[in-house]
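Please walk me through this structure from its overall layout down to a few single residues. I am new to it and would like a plain account.

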Amino acid sequence: MSTSQVAAPQQDLVQETLLGEALEHAPVGAIVLDEQGRYLAANRLACKLSGYSREELLEGGARALAFDPESLPDAMARMATGDLQGGSAEMKRKDGSGITCEYRVGATRSGGLPFYVIVFWETAPTEF
């Protein structure tokens, strides 16, 4: 077995580990969800911005963050067709308050299954 054959899988593992750690501590909130809108993973800033623990956020899913949960099926359909790629939205925090966030949505696959990744950040209030 050549050195490059051994190094390639190790290099992939290092890359995946570094990317995972970087995303966990990134200066943006990040959520991974499935086609039904169930949250599968959330990073630290997503929890901090929402006011939920990771377990609460994963359990509550998109409904927990939406001021209008009835709009979620339409948003999921738009994500599936690629019509929803980003924008600005009011996010409901655990305490009921809201914050305005910018977000970007991307579709991806893992193990042959489709997933969506949403990254978001709080929009700074405009000062006059």
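The model shown is predicted. The protein has four helices and five strands. Read from the N terminus, these elements follow the order α-β-β-α-α-α-β-β-β. Along the principal axes, the C-alpha atoms fill a box of roughly 60 × 35 × 30 Å. The protein has 128 residues, and 29% of them count as buried. Of the contacts between residues at least 6 apart in sequence, 37% join residues at least 24 apart.

In soluble globular proteins, nonpolar side chains tend to be buried together. Here the largest nonpolar core has 25 residues, and those touching the most other members are Ile31, Leu33, Leu57, Met79 and Phe120. At least two residues of this core come from each of the strands β1 (29-33), β2 (39-42), β4 (98-110) and β5 (113-122), and likewise from each of the helices α2 (44-50), α3 (54-65) and α4 (72-81). Beyond its neighbours within four places in sequence, Ile31 is in contact with Tyr39, Ala41, Ala42, Ala46, Leu57, Leu65, Tyr116, Val117, Ile118 and Phe120.

The model also has open space. The largest pocket holds about 610 Å³. It is lined by 24 residues, of which Ala66, Leu72, Ala89, Glu90 and Tyr103 are the closest to its centre. The elements β1, α3, α4, β3 (86-92), β4 and β5 each give at least two residues to the lining of this pocket. Helix α4 provides the largest share of the lining, with six residues. By class, the lining has 19 nonpolar residues, four charged ones and one polar one.

Is Asn43 buried or exposed? Its relative accessibility is 3%, so Asn43 counts as buried, the cut-off for that class being under 20%. The side chain of Asn43 has a polar atom 2.9 Å from the backbone oxygen of Leu23. The Asn43 side chain also reaches the backbone nitrogen of Ala46, at 3.0 Å. Apart from its neighbours within four places in sequence, Asn43 is in contact with Leu23, Glu24, Ala26, Val28, Gly29, Ala30 and Arg54.

The next residue, Glu102, belongs to strand β4. Glu102 counts as partly exposed because its relative accessibility is 24%. Not counting residues up to four places away in sequence, Glu102 touches Gly87, Ser88, Val119, Phe120, Trp121 and Thr123. How far apart in space are Glu102 and Pro114, C-alpha to C-alpha? The distance is 23 Å, although Glu102 and Pro114 are twelve residues apart in sequence.

Setting aside residues up to four places away in sequence, Glu122 touches Leu49, Ile99, Thr100 and Cys101. Glu122 and Ala89 are 33 residues apart along the chain, and 9.7 Å separates their C-alpha atoms. Ala89 was named above among the residues closest to the centre of the largest pocket.

Methods: Residues are numbered from 1 along each chain as its sequence is written. This is a predicted model: local features need pLDDT of at least 70, side-chain atom pairs count only at pLDDT 80 or more; totals for chains, interfaces and linings use all residues. Side-chain values use heavy atoms; hydrogens and water are left out. A nonpolar core is a set of buried Ala, Val, Leu, Ile, Met, Phe, Trp, Tyr and Cys residues joined through side-chain atoms within 4.5 Å. Buried means under 20% relative accessible area, exposed over 50%, partly exposed in between (1.4 Å probe, protein chains only). Contact means heavy atoms within 4.5 Å. On a 1 Å grid over the protein atoms alone, a cavity is a set of points where a 1.4 Å probe fits but cannot get out, and a pocket is an open set with protein on both sides within 12 Å along at least five of seven lines; lining residues have an atom within 4 Å of a point. Grid points are joined across faces, edges and corners, and a volume is the space filled by probe spheres set on the points. Ala, Val, Leu, Ile, Met, Phe, Trp, Tyr, Cys and Pro count as nonpolar, Asp, Glu, Lys and Arg as charged, and the others, Gly among them, as polar. A polar contact is a pair of N or O atoms within 3.5 Å; within protein, one must be able to donate a hydrogen and the other to accept it, and residues adjacent in sequence count only if both atoms are side-chain atoms.
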